[in-house]
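Grab a pencil and open the viewer. Try each exercise yourself before you read its solution.

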Amino acid sequence: GVERSLDFFTDVRSTKVEQLRFDGGSEEVCWLFYSPTTKLQLRLEGVAGLIGGVEAEQAWERTPVRSRSAYVSLATPGIDFESDRPPDTSDRIVSEIESERGRDNFQIVRTCVRVADILYLRSEGHVRARADYEPSGDVSTKWVVP
């Protein structure tokens, strides 16, 4: 079957990795997107897990140095910073070789989508549909009362 997935890169020290817990290797998650221009809301539900190994290494290699800088911070991302001024981020201005110190902090979180729910917020009455993706690759779609 076709795998439907959505990835994001994160720092393993971030609170979102802790919040997702990944105790059993994966965690139920929900992504929510909304476009005020089209008035479409898309909700994707699935199971998220950490991706490492060769795939994470290849993603790191494709990541530009300016983006790698997000993973080289000496301080843990998301912690409170007690000051009247924002934290200094000069430690993130790095060369390609220096950027390698961020490799151990780089992680991929992948959500395998099981349900897609789309809601069109139209003035004449909302329209909603749902797609359920089976591990076999089969898809069942249906209209849903908004």
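Predicted model: local features only at pLDDT ≥ 70, side-chain atom pairs only at ≥ 80, totals over all residues.

**Exercise 1.** Find Thr-111 and work out whether it is buried or exposed.

*Solution.* 
- Step 1: Look for Thr-111 in strand β4, which covers residues 106–120.
- Step 2: Check its relative accessible area, which is 1%. Buried means under 20%, so Thr-111 counts as buried.
- Step 3: See who surrounds it. Leaving out residues up to four places away in sequence, Thr-111 touches Arg-4, Ser-5, Leu-6, Val-29, Trp-31, Gly-46, Val-47 and Ala-48.
- Step 4: Pick out Trp-31 from that list. The side chains of Thr-111 and Trp-31 make a polar contact at 2.9 Å.

**Exercise 2.** Decide which kind of aromatic pair Phe-9 and Phe-106 form, and say which parts of the chain the pair ties together.

*Solution.* 
- Step 1: Start with the whole structure, where a search turns up six aromatic pairs.
- Step 2: Now place the two rings. Phe-9 sits in strand β1 (residues 5–11) and Phe-106 in β4, so the pair ties together parts 97 residues apart in sequence.
- Step 3: Compare their surroundings. Phe-9 is partly exposed at 39% relative accessible area, whereas Phe-106 is buried at 2%.
- Step 4: Zoom out a bit: ring pairs link Phe-9, Trp-60, Tyr-71 and Phe-106 into a cluster.

**Exercise 3.** Which residues of helix α2 are buried, and what do they pack against?

*Solution.* 
- Step 1: List the packing partners of the buried residues: β1, β3 (40–51), α3 (65–68), α4 (96–99) and β4.

**Exercise 4.** Work out how strands β2 and β3 run and how many bridges join them.

*Solution.* 
- Step 1: Trace β2 along residues 27–35, then count the bridges to β3: there are nine, and the two strands run antiparallel.
- Step 2: Check one partner. Phe-33 is bridged to Leu-42 in β3.
- Step 3: Follow the turn. β2 and β3 form a hairpin with four residues between them, and Lys-39 in the turn has a positive phi of about 60°.

Key
Residues numbered from 1 in each chain as written. Heavy atoms only, no water. Buried < 20%, exposed > 50% of the residue type's maximum accessible area, 1.4 Å probe, protein only. Polar contact = N/O pair within 3.5 Å; in protein donor to acceptor, adjacent residues only side chain to side chain. Contact = heavy atoms within 4.5 Å. Phe/Tyr/Trp six-rings, centres within 6.5 Å; stacked < 30°, edge-to-face > 60°. Pairing = 2+ DSSP bridges.
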